[in-house]
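Please consider each question with the sequence and the coordinates at hand.

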Amino acid sequence: GNLSTFITVFKAKTDESNFDATTQKSTANKYDASGIELEAGYKMGSFRINGGVTVTDAKIVSSGLTPNRQAKVVYQLSPTYSSGAVTVGAAIVGSSSAKDAQGTPFEATLPAYTVVNAFANYAISKDLIASLGVYNLTNTLGYTEINDGRMAARSINGRSAKVGRDINRHYYSREEVLADMNKPVVQRLIDLMRFRNSHLAFGGSFTSAAPAPHLLTLSWGHQA
């Protein structure tokens, strides 16, 4: 129908080892994370809207703290409208607040923020489309990390605009996508993706370690 929804519940355990070549320090942590992801889409005539929200409860096993820069909630919303040769739309992306540099004198809270990106496309011909895009339309200030010890923070980019064009690039309709799904090459690619997602050989775990200041070990383990 016109409405589609997808719900994913996840739970993950991660072991992480890091080595900072600048400070010559090694760190190791274990993380537990669980949450839910909701995606939905709706269409009505020339109007379409897609969105999603992910809620994550993540903890560092040893301290019980939330990992640095890990927001509890992230979300996105993308409405579009088409009329003849013109298509306009937006992409709204947001994040709840998060902690960074925890346990140091520079600990801080990264405030929640929402970024609005907008675009407009005009189909000059079948193979030529003119486009205008504006990133961070409201010029929102959003911090993504604290730089330890340097009294600075990294932010998202401010408002910017881009004018472009697409030439000789075919845009597939839903009907064309469904028809091409039956092509042998597409079916083989789908089989390959299923194989990658289900075969036991890909069900292992990745670990990294720094046993010495000059040595970094990366490994992939699997138990049959």
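Q: Is serine 208 buried or exposed in this predicted model?
A: Serine 208 belongs to strand β13, residues 205–212; strands here are DSSP runs of E of at least two residues, and helices are runs of H or I of at least four, numbered from the N terminus. Relative accessible area sets the class: buried is under 20%, exposed is over 50%, and partly exposed lies in between, with a 1.4 Å probe and protein chains only. Because its relative accessibility is 16%, serine 208 counts as buried.

Q: Which residues is serine 208 in contact with, leaving aside its neighbours within four places in sequence?
A: A contact requires heavy atoms within 4.5 Å. With the neighbours within four places in sequence left aside, the partners of serine 208 are Ser17, Thr217 and Leu218.

Q: Which backbone atom lies 2.8 Å from a polar atom of the side chain of asparagine 117?
A: Asparagine 117 lies in strand β8, residues 113–125, and counts as buried because its relative accessibility is 18%. Beyond four places in sequence, asparagine 117 touches Gly89, Ala90, Ala91, Val134, Tyr135 and Asn136. A polar contact is a pair of N or O atoms within 3.5 Å; within protein, one must be able to donate a hydrogen and the other to accept it, and residues adjacent in sequence count only if both atoms are side-chain atoms. The atom at 2.8 Å is the backbone nitrogen of asparagine 136.

Q: With which side chain does the side chain of aspartate 32 make a polar contact?
A: Aspartate 32 is found in strand β2 and counts as partly exposed because its relative accessibility is 27%. Leaving aside neighbours within four places in sequence, its contacts are Ala12, Lys13, Asp57, Ala58, Lys59 and Val61. The polar contact of the aspartate 32 side chain, at 3.2 Å, is with the side chain of lysine 13.

Q: How many bridges join strand β1 to strand β2?
A: Two strands pair if DSSP finds at least two bridges between them. Strand β1 covers residues 3–20 and strand β2 residues 25–44, and the two run antiparallel. Leucine 3 stands opposite tyrosine 42 in β2. The number of bridges joining β1 to β2 is 18.

Q: Which residue in β3 does tyrosine 42 stand opposite?
A: Strand β3 comprises residues 47–60 and runs antiparallel to β2, with 14 bridges joining them. Glycine 35 stands opposite threonine 56 in β3. The residue in β3 opposite tyrosine 42 is isoleucine 49.

Q: Which residue takes a positive phi in the hairpin of β2 and β3?
A: Two residues lie between the strands of this hairpin. The residue with a positive phi, near 65 degrees, is glycine 45.

Q: Which residue in β4 does asparagine 50 stand opposite?
A: Strands β3 and β4 run antiparallel, and nine bridges join them. The residue in β4 opposite asparagine 50 is serine 78.

Q: What is the phi of arginine 69?
A: Most residues other than glycine have a negative phi. Arginine 69 lies in the loop between β3 and β4 (73–83), and counts as partly exposed because its relative accessibility is 43%. Although arginine 69 is not a glycine, its phi is positive, at about 65 degrees.

Q: What is the phi of asparagine 139?
A: Asparagine 139 lies in the loop between β9 (128–135) and β10 (143–147). Asparagine 139 is partly exposed because its relative accessible area is 41%. Asparagine 139 is not a glycine, yet its phi is positive, at about 55 degrees.

Q: What is the radius of gyration of the chain?
A: The chain has two helices and 14 strands, and its C-alpha trace spans about 60 × 50 × 35 Å along its principal axes. The radius of gyration is taken over C-alpha atoms, and the globule rule is 2.2 Å times the number of residues to the power 0.38. A compact globule of 224 residues would have a value near 17 Å, but the chain has 23 Å.

Note on methods: Residues are numbered from 1 along each chain as its sequence is written. This is a predicted model: local features need pLDDT of at least 70, side-chain atom pairs count only at pLDDT 80 or more; totals for chains, interfaces and linings use all residues. Side-chain values use heavy atoms; hydrogens and water are left out.
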